[in-house]
Amino acid sequence: MDLTFTDAELAFRDELRAWFADHPATDPPGRDEDALYAWRRDYQRQMAADGWAAVHWPVEYGGRGATLTQSAIFFEELSRAGAPLPANVLGLLLAGPTIMVWGTPEQKERHLHPILTAEEIWCQGFSEPEAGSDLASLKTRAVRSNGHYIVTGQKIWTTLAHYADWIFCLVRTDAKTDKRQDGISFLLIDMKTPGITVRPIYLMDGGHEVNEVFFDEVKVPAENLVHEEGKGWTVAKYLLGHERMGTGRIGVSKRELVRLKEVAAAARKDGKSLLDDPRFRDRLSRVEVELMALEITNLRFLDQLRRGNKPPGAEVSLLKIKGTEIQQSLTELMMQAAGPFAQAFRPVETDPGFDRFTAALAPRYCNLRKATIYAGSNEIQRNIISKLTLGL
Amino acid sequence: MNFELSDEQTLLAETIKRFVATHYNFDTRAKIMASPGGFSTDVWAAIAEMGLLGLPFAEVHGGFGGSTVDVMMVMEAIGEGLLVEPYLATVGLGGRFIARAGSKAQQERILPALIEGKHTLAFAHTEPGARYDLRQVGLKARRQGEGWVLDGDKAMVLHGGSADTLVVSARTAGGDTDAAGITLFLVSRTAPSVTVKESRTIDNLRTADIRFSGVRVGPDALLGREGEGYPLIEEVVDYATALVCAEAVGAIRYANEATLEYLKTRRQFGVPIGSFQALQHRMVEMMISYEQARSMAYLACVKIDSAEAAERRHVISAAKIKIADACRHVSQESVQLHGGMGMTEELKVSHTFRRLTMLAQTFGDAEHHLERFAATDTVSHG
């Protein structure tokens with residue numbers, strides 16, 4: 001047993017660190033969401049140019065064929081450098097790897113490069129108003145006709161749909177199968193196709209990141225089918241494993257923890273630093289210890305996957321549950337550290353001296369409630385572990 | 001990064017597992033607990049025979065020079081099987097003291113005998129009122145001629161009633177809570193003026209309150225340097241804490257396996273109770289506690305062998321926080337999910353509950369280590 005990185009892993013880390021040092025991200029441009037997204041997109045372009053946008057992708061597609069441990073190092077270093085998460089996150093983590101495994105040569109040729117360079121942004125069309133945790137009950141239907149699928153229905157909670165060029169969708173191609181899963185297919189749909197309407201959903205933090213997407217007799221070329229008709233569930237299961245893999249956000253939480261300590265150290269309570277207040281500190285320490293443990297748990301699982309040469313299974317559900325709980329705890333403690341100052345949200349009139357950092361804490365706390373809901377709610381993850389790992 | 005166990009470690013784990021399965025079943029254990037000494041000399045001899053007592057010690061004394069991860073494997077098995085033999089007291093505490101600070105003569109006298117299973121040890125340190133503060137030593141040692149005279153009381157000495165030799169901390173200078181001025185001595189338990197009052201613990205181990213009333217020891221009893229015992233005590237207790245973390249992981253694993261089995265077999269309302277989601281999710285949380293605790297036990301055992309003192313303190317306290325919380329969580333849930341049966345003496349789960357309850361507090365509870373974790377937060381983990 002050896003908990004230190006191997007020489008190859010250290011070399012990878014050092015090369016990455018050097019790249020981040022040479023290409024520091026500029027400061028994020030305020031709170032304008034369009035400008036922020038353009039900033040992330042631009043940074044991904046820079047990363048892609050030097051082969052850093054998707055380290056886990058094979059070299060032939062512009063990645064570095066990184067191991068799972070190296071991928072973990074990548075996200076850790078990304079957070080450490082204060083660089084933004086790549087703009088096309090759903091394309092890089094979900095659409096790309098899925099197309100690589102299940103796509104036709106033409107689909108690979110057509111889609112992978114623009115995903116890598118953020119030329120084409122992707123979103124994910126899984127959830128529907130009546131199909132949330134119970135994904136297999138989805139109703140959006142696709143009828144095959146003259147070399148096309150005619151898609152009609154609605155998707156919801158679609159992250160980034162308002163910036164996306166493409167959407168990968170689960171659609172029902174057969175409503176009469178015995179098992180609901182068997183009638184589902186996986187389609188790649190160009191967001192510019194006539195009949196698609198995107199409507200924003202504003203969340204309680206005031207932000208716009210998710211949408212409703214409506215399909216009204218949208219004509220999708222049949223060659224955009226991934227894998228076989230009726231086999232979309234197999235593709236989706238593969239993809240969902242990858243989705244949960246990224247939800248632990250250990251690197252992000254480590255950076256948040258450092259910030260939290262800075263904020264708490266500066267905050268005064270009874271003339272002393274809040275960080276030295278035992279009631280506050282104990283809560284913080286318990287979160288810190290959970291995060292230390294999760295970091296090791298994550299690396300242990302990655303090591304198991306590597307040695308077993310298996311796709312991620314129920315283990316990633318554990319990472320999702322713990323990782324999101326930690327993320328939420330950190331936002332809660334941030335609010336506590338800011339105390340009464342966490343109330344200010346936005347200046348009513350333009351005020352250059354406005355404390356944007358503190359004002360972002362409450363919205364972030366609100367926003368992060370999503371973490372235990374998305375990518376399969378934590379209750380669904382417990383069901384998965386219960387069934388697959390525990391055999392209950 | 002590699003979490004793989006070596007072939008030797010895997011073999012070791014299998015050997016102990018097999019031994020516990022064949023020679024340490026529930027009824028055997030009950031008889032051992034009720035025996036006068038509180039543990040089995042036959043089992044102890046077998047443990048020695050398997051080489052487990054010599055695992056961490058140098059080859060020159062008959063040991064194997066193994067790593068803390070090797071010892072971790074033994075401790076997990078001890079936790080799983082709820083062994084009551086004095087492995088922690090002898091190997092984890094007493095033996096570690098002698099290996100780290102003993103003179104050549106002390107090592108040659110004790111370690112080979114320890115490794116052969118013919119000499120047990122205990123650490124007589126905690127005093128009434130000291131709680132978990134390792135600095136608090138009021139037992140006095142004053143010089144007399146070439147040697148020393150010891151006066152004072154020790155409490156809750158794990159396996160102190162059966163140990164051949166006691167490692168005793170004494171105050172040779174300074175006030176009762178000073179770090180400086182603590183000196184360690186090796187004292188025979190059967191020396192004149194040593195009085196031992198033994199108790200059974202709630203988890204069926206043995207502990208002792210020991211009075212030293214003018215106990216005379218020679219100059220060869222001094223362990224390490226006069227007045228400089230504290231850093232050594234802290235280091236050895238950190239080591240023993242890492243081992244306790246591993247023992248807890250083994251006990252938690254058993255509690256989880258037993259509870260899962262019960263959920264699958266116990267039927268109510270015509271179905272296995274494991275079909276109820278309310279219980280499934282609680283079982284999942286127990287499994288998560290286990291995985292997280294296991295990660296911290298690994299980290300603790302690896303860092304014992306590789307970290308500088310400052311990082312070691314920080315990581316050991318982090319591990320003990322997680323372990324203490326996991327001990328409480330899993331022990332309580334395992335009884336709850338077993339229902340009334342979980343309360344009974346006849347089920348191993350209630351014994352595991354008791355052991356986990358004690359392990360949560362051994363060498364400091366979560367609150368003690370939360371304080372220490374915060375106080376040692378100067379180490380970068382980047």
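Here are some notes on this predicted model, going from the contact between chains down to single residues.

1. **Where the two chains meet.** The contact draws on 32 residues of chain A and 29 residues of chain B. On the chain A side, helix H3 (68-80), helix H8 (278-308), helix H9 (315-338) and helix H12 (378-389) each give two or more residues. H8(A) provides the largest share of that side, with 15 residues. Sorted by class, the chain A side holds 14 nonpolar, six polar and 12 charged residues.

2. **Domains of chain B.** Chain B splits into domain 1 (7-120), domain 2 (123-227) and domain 3 (230-375). Between domain 1 and domain 3 of chain B, the C-alpha centres are 22 Å apart. The contact between these two domains involves 20 residues of domain 1 of chain B and 24 residues of domain 3 of chain B. On the domain 1 side, helix H4 (68-81) and helix H5 (87-101) of chain B each supply at least two residues. The largest share of that side is the 10 residues from H4(B). By class, the domain 1 side has 12 nonpolar, four polar and four charged residues.

3. **Helix H7 of chain A.** H7(A) covers residues 250-266, and its 17 residues should span 24 Å at 1.5 Å a residue; the C-alpha atoms at its ends are 24 Å apart, so the expectation and the model agree. Which residues of H7(A) are buried? They are A:Ile250, A:Ser253, A:Lys254, A:Glu256, A:Leu257, A:Leu260 and A:Ala264. On the face turned away from the buried side, A:Glu262 and A:Ala266 are exposed.

4. **The largest nonpolar core.** This core has 215 residues, and B:Phe185 and B:Ala297 are those with the most contacts inside it. Helix H7 (residues 229-265) of chain B gives the core its largest share, 19 residues. As background, nonpolar side chains tend to be buried together in soluble globular proteins. Setting aside residues up to four places away in sequence, B:Ala297 touches B:Met72, B:Cys245, B:Ala246, B:Val249, B:Ala319 and B:Ile323.

5. **Helix H11 of chain B.** In H11(B), residues 366-375, the buried residues are B:Ala366, B:His369, B:Leu370, B:Arg372 and B:Phe373. Their cover includes H8 of chain A as well as helix H9 (309-338) of chain B. H8(A) is also the element with the largest share of the chain A side that touches chain B.

6. **B:Pro219.** This proline sits in the loop between strand E7 (206-217) and strand E8 (222-223) of chain B. Is B:Pro219 buried or exposed? B:Pro219 counts as exposed, because it has 10 other C-beta atoms within 10 Å. Apart from neighbours within four places in sequence, B:Pro219 is in contact with B:Glu146 and B:Gly147. From B:Pro219 to B:Phe185 there are 34 residues in sequence and 9.3 Å in space, C-alpha to C-alpha.

7. **Two asparagines with positive phi.** A:Asn146 is not a glycine, yet its phi is positive, at about 50°. A:Asn146 lies in the loop between strand E2 (141-145) and strand E3 (148-156) of chain A, and it is exposed, with 7 C-beta neighbours inside 10 Å. In chain B, B:Asn204 has a positive phi of about 70°, again without being a glycine. B:Asn204 is placed in the loop between strand E6 (194-200) and E7 of chain B, and it is partly exposed, with 19 other C-beta atoms within 10 Å.

8. **A:Arg364.** This arginine belongs to helix H11 (residues 361-367) of chain A. A:Arg364 has 17 other C-beta atoms within 10 Å, so it is partly exposed. A:Arg364 and A:Met204 are 160 residues apart along the chain, with 10.0 Å between their C-alpha atoms.

Conventions. Residues numbered from 1 in each chain as written. Chains lettered and ligands numbered in written order. Predicted model: local features only at pLDDT ≥ 70, side-chain atom pairs only at ≥ 80, totals over all residues. Contact = placed C-beta atoms within 7 Å. Helix = DSSP H or I, 4+ residues; strand = E, 2+ residues; numbered from the N terminus. Nonpolar A, V, L, I, M, F, W, Y, C, P; charged D, E, K, R; others polar. Domains from an automatic or database assignment. Expected span 1.5 Å × (residues − 1). Buried ≥ 20, exposed ≤ 12 C-beta atoms within 10 Å, placed from the backbone. Core = buried A, V, L, I, M, F, W, Y, C linked by C-beta atoms within 7 Å.
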